[in-house]
Amino acid sequence: MFIDKVKIECKAGNGGNGVIAFRREKFVPNGGPNGGDGGRGGDIIFKVSKNMDNLVDFRYKKKFKAENGEAGSGNNRYGKNGDDLIIFVPKGTIIRNAINNKVIADMLEDDEEKVILKGGQGGRGNAHFATATRQAPRFAEQGVVTKPFELILELKTLADVGLVGFPNVGKSTLLSSVSNAKPKIANYHFTTLTPNIAVVNAFGSSFVMADIPGLISGASEGIGLGTDFLRHIERTRLLIHVIDIAGTEGRDPYEDYLAINNELAKYGESVSKLPQIIALNKSDMLYDESVVDDFREKVGDDKQIFTISAYTHTGLNELIESVIKTLEKLPKADRVEIEETEIDKRDLRQFEVRKVSEGVFEVTGELVFEIMKRVNLDDLTSNAYFQKRIKDDGIIDALLDIGLQEGDLIRIDDYELQYFE
């Protein structure tokens, strides 16, 4: 089974919590806090595997989660970091954010790695919050809790040359004749249901050729195999447009040529502007040589056109030699433009204030979420630290700007407090 597009859910590991602990040694008075930090959560890492050629491994397994960091402990002991989770994908895989469809990564190189989601930071233990005036802090930070994200994995085959043309024009036969590939070949439409890829070695050079499943009129609108495999042409540098010059299916060769180019144009410039070499195949079944001359006249003199027979190997050397010379002049395939570099980016200074009703105000946002993680509001020292933070970070000033007055109620998460000067 060949799968080239899937949606999966990934979640980096949570950070471990910092702990509240104090030294309790027999001959050490005023031992002080020694709570250790929590470990970092594991990252989600994607890596190119040479042993994969499609995304079938993701057919049933759709959720991936890295290991959480462990909590810290007393004696300033750090919690263990969570193990990273490496997800293997085939070369040529594009990773998108499922929410906005923006490209996050383009996995083009062998063994390439990309950190897509970073694990949550571990929380700091209470030893970090000791000061000259706060010698026994009874609060510690919680580790950062990460969120799951949906990603779209889309495989775009990496090949130098793509074979395009109507079904049953001989593309698979051509691929098998110039390489060691053994594609399924039969005399019916859509024999090729998945891209067949092979390395062609000839004239001291080599290149990768892909047999793209057959197109028909209306493919760009979803007819036949639709656009399912048109994406695999985007990576190619050169197209070989295979034409059944003998018209064995009862179609006109030139009309076939126009129809396929029309579908490529509808799909987009990324494929319609690719250079083409035209291969007039099945010449061994041709009874009237004037058909070739007629086709050449209609297409024009500016096109590279070769009359071949993939079955008898007639004209294949000339075709492949021209392909090699053309590829030498063409640039390598570019990476897809990265549109989003970080999908779990949070602004830890962000907060919002609003007036809920008369005398009641609410504060939300990443900043207050971070502050609330660090405090134990049942502890007087910790509560004082909390109140100092919301004042120092500008939250009180923002509330005063929208009408906060003495005695009014402030809601932050599940906590409520009254404001007094």
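The structure here is a predicted model, in which local features need pLDDT of at least 70, side-chain atom pairs count only at pLDDT 80 or more, and totals for chains, interfaces and linings use all residues. Residues are numbered from 1 along each chain as its sequence is written, and side-chain values use heavy atoms, with hydrogens and water left out.

V353 belongs to strand β15, residues 352–357 (helices, H or I with at least four residues, and strands, E with at least two, are DSSP runs numbered from the N terminus). Apart from neighbours within four places in sequence, V353 is in contact with E362, V363, I395, A398, L399 and I402 (contact means heavy atoms within 4.5 Å). H232 is 121 residues away along the chain, and the C-alpha atoms of V353 and H232 are separated by 49 Å.

## The six-stranded sheet

Six strands make an open sheet in the order β10-β11-β9-β12-β13-β14, with mixed pairing (two strands pair if DSSP finds at least two bridges between them). At its edges are β10 (196–202) and β14 (304–307), each pairing on one side only. On average, neighbouring strands of this sheet are turned by 25 degrees against each other, direction ignored (axes are lines fitted to C-alpha atoms, for helices over the stretch in contact, and angles run from 0 to 180 degrees between N-to-C directions). Two helices pack on this sheet. Helix α1 (residues 171–178) touches β9, β10, β11 (205–211) and β12, and the direction of α1 makes about 155 degrees with that of β11. Helix α4 (residues 290–299) touches β12, β13 (276–281) and β14, at about 170 degrees to the direction of β14.

How do the strands line up? β9 (residues 161–164) and β12 (residues 238–244) are parallel and share four bridges, with I240 in β12 as the bridge partner of L163. β9 also runs parallel to β11, joined by three bridges; here V161 has M209 in β11 as its bridge partner. β10 and β11 are antiparallel over seven bridges, and A198 stands opposite M209. The hairpin of β10 and β11 has two residues between the strands, and F203 takes a positive phi near 55 degrees there.

A159 sits in the loop between β8 (149–155) and β9. With 7% relative accessibility, A159 counts as buried. Leaving out neighbours within four places in sequence, its contacts are V208, M209, A210, R235, T236 and R237. Q142 is 17 residues from A159 in sequence, yet their C-alpha atoms are 49 Å apart.

## Helix α2 and its partner α4

Helix α2 (residues 253–267) packs against α4 at an angle of about 35 degrees, with the axes 9 Å apart. P253, Y254 and Y257 from α2 meet V291, F295, K298 and V299 from α4. By class, this contact has six nonpolar, no polar and one charged residues (Ala, Val, Leu, Ile, Met, Phe, Trp, Tyr, Cys and Pro count as nonpolar, Asp, Glu, Lys and Arg as charged, and the others, Gly among them, as polar).

The length of α2 is a handy check: at 1.5 Å a residue, its 15 residues should span 21 Å, and the end C-alpha atoms are 22 Å apart, which agrees (the expected span is 1.5 Å times one less than the number of residues). Buried residues of α2 are P253, Y254, D256, Y257, A259, I260, E263 and L264, and their cover includes β12, α3 (269–272), β13 and α4. Where α2 starts, a side-chain oxygen of D252 reaches to within 3.1 Å of the backbone nitrogen of Y254. Just after α2, G268 takes a positive phi of about 145 degrees.

## The three-stranded sheet

A second topic is the open sheet with order β4-β2-β7 and mixed pairing. β4 (85–90) and β7 (113–117) are at the edges with a single partner strand each, so one side of each lacks a neighbour in the sheet. Strand β2 (residues 44–49) runs antiparallel to β7, with four bridges joining them, and F46 stands opposite K114 in β7.

Definitions and conventions
Buried < 20%, exposed > 50% of the residue type's maximum accessible area, 1.4 Å probe, protein only. Polar contact = N/O pair within 3.5 Å; in protein donor to acceptor, adjacent residues only side chain to side chain.
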